[in-house]
Amino acid sequence: MRVYLDNAATTPLDAEVMKQMCAVMEATYGNPSSIHAHGREARTVIEKARKTIAGLLHTSPAEIFFTSSGTEADNTAIRGGIVDNNITHAISTRIEHHAVIHTLEAMEKAGIIKLSFVDVDTKGNIDHTHLEKLLQENARSFVSIMHANNEIGTLNDIERIGDICEQYNAIFHCDTVQTMGHYSHDLGKLKVHFLVGAAHKFHGPKGVGFLYVNHKIKIKPFIYGGAQERNMRGGTENLYGIVGLAKAMEIAYAEMDQHTQYIQGLKSYMMQQLVQYIPGVKFNGETGADKSLYTVLNVAFPDTDIADMLLFNLDIAGISASGGSACSSGTDIGSHVLTAIGASATRPSVRFSFSKYNTRDEIDYVVAKVREFFPN
């Protein structure tokens, strides 16, 4: 049996998405920048996709820019938001995705900004009081805090963060790669300046994402060489990827309530089974349905002689997951997230992440295999 539980890394392509992409590949091959009929047809397809995404997010199509990935969108938001708005101080957390942390650290090293980190607790929750203190001390900061952590699943209250940022005239960038397509985002109400998505996280194609830029914020072009994306990102658009992105997002929103309930059920069931059969098992991050991303479960297994081989043994058993451990020394290359929340460096941790295609039988198989590694 083969079981795929690494959906936080990427998800299987939805058959309806593939069908839509293939139809466009066969019939719509013009360059969207060309003014002839073939080009206009391709341009119409792109703008229809942009309108679809904007409608789902309750914003204007003019605020949606297509990118190659969530990483590109994050980099663009951070660099453009800071440099083009003369920001000299940024605030983030030590558990952000590397697309955020590494970008901010590079800018600090270059002398562009001073970087501060908000405190987080052992579950990955941010200290809102500390965030407010940092903003009080540093007027007009750039704040980059994710919606849900990609490793441990802990959700942030981005409505509250947005309100705090507005109070102190801060620019708020939110990495929503893990929650886009899994939670509704109403940009008509949410006080955020930059927000990102990547199609392959919600059953769309790889190699395409988008960046939302609030009309109140101005940034310069992030790729020069053409007038694409309203003169902001040069280069012929990934037409088929954009179509797949919009279709995947459309499906995700239409089926969101149903899938949320189903996938949360799988996660809760796996937690119950692990607690029942693996003595001493623990979970990293928040696990409550209202505080945790329902697609992610980070399991801290008991210390064992096979800790370093756990993922390998799972792979041999046909189980795809990801994981790691906290760094035990300054030279270890471990999980920066688990290290930041003070997780045990001796416990092997595995991130199991679920999708609408997983089943209870698969969970039973995974738990049975894990029990072989941790006999009572």
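Trainee: Which residue follows α4, and is its phi positive or negative?

Mentor: This is a predicted model, in which local features need pLDDT of at least 70 and side-chain atom pairs count only at pLDDT 80 or more, while totals for chains, interfaces and linings use all residues. Residues are numbered from 1 along each chain as its sequence is written, and side-chain values use heavy atoms, with hydrogens and water left out. Helices (H or I, at least four residues) and strands (E, at least two) are DSSP runs numbered from the N terminus. Helix α4 (residues 98–109) is followed by Gly 111, and the phi of Gly 111 is positive, near 80°.

Trainee: Where do positive phi values occur in residues other than glycine?

Mentor: Most residues other than glycine have a negative phi. In this model His 58, with phi near 60°, has a positive value, and His 58 lies in the loop between α2 and β2. Arg 230 also has a positive phi, near 55°, but the place of Arg 230 is in helix α7 (residues 228–231). Arg 230 counts as partly exposed because its relative accessibility is 36%, where buried means under 20% relative accessible area, exposed over 50% and partly exposed in between, with a 1.4 Å probe and protein chains only.

Trainee: How many residues does α4 have, and which of them are buried?

Mentor: The expected span of a helix is 1.5 Å times one less than its number of residues. Helix α4 has twelve residues and reaches 16 Å from its first C-alpha to its last, close to the expected 16 Å. An α-helix has 3.6 residues a turn, so residues three or four places apart point the same way. The buried residues of α4 are Ala 99, Val 100, Ile 101, Thr 103, Leu 104 and Met 107, and what covers them includes α3 (70–83), β3 (89–92), β4 (114–117), β5 (142–144), β6 and α11 (336–340).

Trainee: How many residues are in the largest nonpolar core, and which have the most contacts inside it?

Mentor: A nonpolar core is a set of buried Ala, Val, Leu, Ile, Met, Phe, Trp, Tyr and Cys residues joined through side-chain atoms within 4.5 Å. The largest has 47 residues, and those with the most contacts inside it are Ile 53, Leu 57, Phe 66, Leu 131, Val 143, Phe 172 and Phe 210. Helix α8 gives the largest share of this core, nine residues. A second, separate core of 36 residues includes Leu 274, Leu 314, Ile 319 and Phe 373. As for Leu 131, its contacts (heavy atoms within 4.5 Å), leaving aside neighbours within four places in sequence, are Ile 91, Val 118, Ile 126, Val 143, Ile 145, Ile 161 and Ile 164.

Trainee: What is the volume of the largest pocket, and how many residues line it?

Mentor: On a 1 Å grid over the protein atoms alone, a cavity is a set of points where a 1.4 Å probe fits but cannot get out, and a pocket is an open set with protein on both sides within 12 Å along at least five of seven lines, lining residues having an atom within 4 Å of a point. Grid points are joined across faces, edges and corners, and a volume is the space filled by probe spheres set on the points. The largest pocket has a volume of about 320 Å³ and is lined by 19 residues, of which Glu 166, Lys 191, His 193, Asn 214 and Lys 216 lie nearest its centre. Helix α6 (residues 158–167) gives the largest share of this lining, three residues.

Trainee: How many cavities of 30 Å³ or more are there, and which residues lie nearest the centre of the largest?

Mentor: The count comes to three cavities of 30 Å³ or more. The largest holds about 140 Å³ of space, and of its 16 lining residues Gly 181, His 203, Ala 252, His 259 and Lys 356 lie nearest its centre. The elements giving two or more residues to this lining are α8 and α9.

Trainee: Is Asp 14 buried or exposed?

Mentor: Asp 14, in the loop between β1 (3–4) and α1, is buried, because its relative accessible area is 8%. Apart from neighbours within four places in sequence, Asp 14 is in contact with His 203, Ile 251, Lys 356 and Tyr 357.
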